[in-house]
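Keep the structure open beside you and try each task before reading on.

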Amino acid sequence: MVSEPTTVAGWVTLAEQVLDLAAKAGASQAEVIVQADDAALTRFANSEIHQNVAEANARLSLRFVDGQRIGVAATGRFDLTALKAVAETAAQIARNVEPNTDFITLPSPGPEPIPELAAAYSEATADATPELRAEGARAVIAEADAAGVTAYGSFATTTETIIVANSLGVRASGARTTSQLITVSMGPSGGSGYAEMAAVDATRIDAAAIGREASARARATANAASIEPGDYPVVLETYAVVDVLDMLGYLGFSALAVQEGRSFVELGRKVGSELVTIRDDGADPAGLPMAFDYEGVAKQRVALMTNGVCTGVVYDGQTAARDGVPSTGHGLPAPNPYGPFPLNMVMDAGTSSRDELIGGLERGLLVTRFHYTNPVHPKLAIVTGMTRDGTFLVEDGRIVGPVKNLRFTQSYLDAIAAISAVGRERRCLKGFLGGVVVPAVRIDSWTFTGATEH
Amino acid sequence: MRDLTERALSTATVRGATYADVRIVEQVDESITVKSGRVEGVAAGESQGFGIRVLVDGAWGFASSNRLEVDEIDRVAAQAVRIAKASATALRHRVQLDDRPPAHGTYATPVVEDPFKVSLETKIGDLLAADQLASSVKGIAFTESTYAALRSHTIFAASDGSYTDQTITHVGSGIETNAIEGDEHQRRSYPDAGGGWQSAGYEYIRGLRLADHVEALAEEAVALLSAPQCPSGLMTIILDPSQLYLQVHESCGHPTELDRVFGTEASYAGTSFLTTDKLDAGFRYGSDLIDIVADATAPGGLGTFGWDDEGVAAQSVPLIKEGIFVGYLSSRETAPRIGRQSGGAMRADGWNRIPLIRMTNINLLPKPGMSLDEIVADTDDGLYLRSNRSWSIDDRRLNFQFATEVAYEIKGGKLGRLYKNPTYTGITYEFWRSCDAVGDERSYVMLGTPNCGKGEPGQTGHVGHAVPGARFRNVQVGVGKW
């Protein structure tokens, strides 16, 4: 009888048992991924907690390789019957598919052990209680009360344990923690403000400061004026810059996107301003670190854009084999038709203070964040979306007042080419591709194409 | 299972819950991806777990686990109560639920051909045949074909005595063809972007007849590379069902979610312009032709079930009647706040998520009179837009912008040349008020999406939309610089 492990070592042992089952079923190679999550999230709205949840979850998947035929099966049950069924199902799938001629081999262990990233894990986050999260929510609400606005948001704490083991000897395992507090404060006369913080250690999140920032923005955006859509220079706060990096990562910085001809990336092509340097770095303690990918390969630091020039893309095993290069450690769990993604993007800081960024606008807009962005023309990275929770008119370098939200339809490539100043302060935030470390930026032209009523 | 649900409810109640419910969910899924004529990935999965939701001192708590064991049920029930007590430290209004009668019974999606019993060889063969045909068309850069099936078996029990047993089966399949030249990347999809989805068996997949459509589709993707750019201006547009369903989803489905109206999604997806003062006040959402219902009983819809995840029976709720806003998607907690009973829209994405108000099947009803072809014939000058490529709408669901894969010029009642990169934008209620023709039953088709995002932590909803085609006047087309 096999039961669900409670330690990393126990999970590794169980993964090895499944590798044995795969070998007995005829696998020439096999890979097991275990993801065990302990996650909780406290959500508040109308200045009270309205949803409050926790989950304990674990899932094991087996990539069964028979020559170049591959099958994947997964389960959330860990008794011997379930594990045998996983091996049999994956084997049956492999028997029914044509060979994948791009597949050469699963990864072998690297020359050096995968370094342990102490910065990826916080005991305080792993031990976070409902009371701790409620305390954070109450701190945000208290700031909203003091400012005469209403608080909405969430406080999440997550511990994720990942084990990757394969029949060639790869044994990658570890736990990482993340925490995130976001809040939208809404005030009278249409005011709305946003603030967010993400960290490995939940106790480093200053809930009161986040609450103060959002509440101040909510008060400052009351009675927003209408403004005509058109081309404006802008300052994007960090919350908006995250979307630009995420979208560029999603559309372009993946080897698969390049191989399929749908990426804007050509190595050596200059697409951004000299001020733009972006890398993916799973070891950077300023972000939300990850030591290895879902193929058990140590994450390499990849220079994606250096002084505006495209200098790299991220690889997983299959895309690397296609190009005859090593994987950079950016694989996702198999089967993965989406290809590799940069999950730890970091943008270099600049030299400008926030006041200097805004001070450089003769007449432009200060944008706090974007909402519901979506590519309209992926290869040109033309994206549409809305501004939200804090949009301001700036004249002669000073904020003169709030404006109603605008729709934009803008090439993010043109935008990074027009970056004329980069903030010296950076924030760690959670984007849709993972932890992102970004500064605020000033962009000389941004195309707004529509308006809304608030 | 009844012993486990009773254990969960009794433990929660003993520890202080005034209301508790538990869902035990077993799920199986399978997926096949074919790219450019080659099988890229085949996967099968199973998941099992339970979630316990409790009210303590008028506050919610929820905890869940994949370990379906008595000791773990006790631990999770206690954890849910502890979480609810933490919620109560920041509570301003005690939760009150409506008084729906206890739910009892079983429900299963009608399935003719069980997708999990069709051989893998057949399923891969069907997909591969279509994809290889498409990828052989000259000028195609890459193709991607997908098939997926999902079956959830859910036991729901509540401290009011409710006990239901449901088995829901969803299947989906589709193909994308991509043509790339220089900076131009054009795509055409069938049956629509993201594939066609229904609650059904493999008979739905066979009925899609992918292989019959893909060559013409791929040729159109290639033709788009050299097609002129879609013009800009105020124009008449006709939306094919493959685009209109997403227009309904974004600008009618989400704004009518009562939790959004009350602000409980404000920090993530946003709120809604459809404030409660507009209910029963004659607010004109659209033209007289617009009748929209939330119908959880519609055959084949991804939002079709026996009971929602609060034990409220499936029903059809009018949302917009002859253009006037008349109802919301609601829950047992939100409905009493507007003096109504829950409309049964609470659905959870698996055992480890709480139910949220989700769309069921948000259907734009057909209008007797003109077929979609006759609407085209009745149009002197305009564009016919097909298959979604991009979507975006503001946080109160007013300003939207969509892109479609293709536009066809309409001149003198006939479809003409292709235009590439079409986009259109508008304000929700202005757009729906501009509708002057809705197709009849002949174009009415059940579509849907399996990837509607909502909530924190994130949940992915499966929602249905039955729609015909429809015509709209004076719409801003061709947005942005190209």
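Two strands pair if DSSP finds at least two bridges between them. Please bear in mind that this is a predicted model.

**Exercise 1. Work out how strands β16 and β17 of chain A are arranged.**

Solution. 
- Step 1: locate the strands. β16 of chain A covers residues 419-431, and β17 of chain A covers residues 434-451.
- Step 2: look for bridges. There are 9 bridges between these two strands, and the pairing is antiparallel.
- Step 3: A:R427 has A:V438 of β17(A) opposite to it.
- Step 4: With 2 residues between them, β16(A) and β17(A) make a hairpin.

**Exercise 2. Find the order of the open sheet of 4 strands in chain B, and name its edges.**

Solution. 
- Step 1: read off the order, which is β12-β11-β10-β15 of chain B, with antiparallel pairing.
- Step 2: find the edges. β12 (324-325) and β15 (362-364) of chain B each have a single partner strand, so one side of each has no neighbour in the sheet.
- Step 3: inspect one pair. β11 of chain B (residues 316-321) and β12(B) are joined by 2 bridges in the antiparallel sense.

**Exercise 3. Decide whether the radius of gyration of chain A agrees or disagrees with a compact globule.**

Solution. 
- Step 1: For 454 residues, a compact globule would have a radius of gyration near 22 Å.
- Step 2: compare. Chain A has 24 Å, which agrees.
- Step 3: The C-alpha trace of chain A spans about 70 × 50 × 35 Å along its principal axes.
- Step 4: Of the 454 residues, 63% count as buried. Among the contacts in chain A between residues at least 6 apart in sequence, 73% link residues at least 24 apart.
- Step 5: note the secondary structure, which comes to 10 helices and 17 strands in chain A.

**Exercise 4. Describe how the domains of chain A meet.**

Solution. 
- Step 1: divide the chain. Domain 1 takes 8-216 and domain 2 takes 224-451.
- Step 2: compute the separation. The centres of these domains, taken over C-alpha atoms, are 24 Å apart.
- Step 3: count the contact. Domain 1 of chain A gives 32 residues and domain 2 of chain A gives 30 residues.
- Step 4: see which strands take part. On the domain 1 side, β2, β4 (150-166), β5 (171-186) and β6 (192-199) of chain A each supply at least two residues.
- Step 5: classify that side of domain 1, which has 18 nonpolar, 9 polar and 5 charged residues.

**Exercise 5. Characterise the contact between chains A and B.**

Solution. 
- Step 1: count the residues. Chain A contributes 76 residues and chain B contributes 68 residues.
- Step 2: find the leading element of chain A.
- Step 3: sort by class. The chain A side has 33 nonpolar, 29 polar and 14 charged residues.
- Step 4: look for pairing across the chains. β2(A) pairs in the parallel sense with strand β3 of chain B (residues 59-65), over 4 bridges. A:V53 is opposite B:F62 in β3(B).
- Step 5: turn to the core. The largest nonpolar core has 301 residues, and A:V18, A:L62, B:I52 and B:A80 have the most contacts inside it. Leaving out residues up to four places away in sequence, B:A80 touches residues including B:I52, B:G61 and B:F62.

**Exercise 6. Are A:N46 and A:S189 exposed or partly exposed?**

Solution. 
- Step 1: apply the cut-off. A:N46 has 16 such atoms, so A:N46 is partly exposed. A:S189 has 10, so A:S189 is exposed.
- Step 2: place the residues. A:N46 belongs to the loop between β1 (29-45) and β2 of chain A, and A:S189 to the loop between β5 and β6 of chain A.
- Step 3: check the backbone. Phi is near 50 degrees at A:N46 and near 60 degrees at A:S189.

How values were computed
Residues numbered from 1 in each chain as written. Chains lettered and ligands numbered in written order. Predicted model: local features only at pLDDT ≥ 70, side-chain atom pairs only at ≥ 80, totals over all residues. Contact = placed C-beta atoms within 7 Å. Nonpolar A, V, L, I, M, F, W, Y, C, P; charged D, E, K, R; others polar. Core = buried A, V, L, I, M, F, W, Y, C linked by C-beta atoms within 7 Å. Buried ≥ 20, exposed ≤ 12 C-beta atoms within 10 Å, placed from the backbone. Rg over C-alpha atoms; globule rule 2.2 N^0.38 Å. Domains from an automatic or database assignment.
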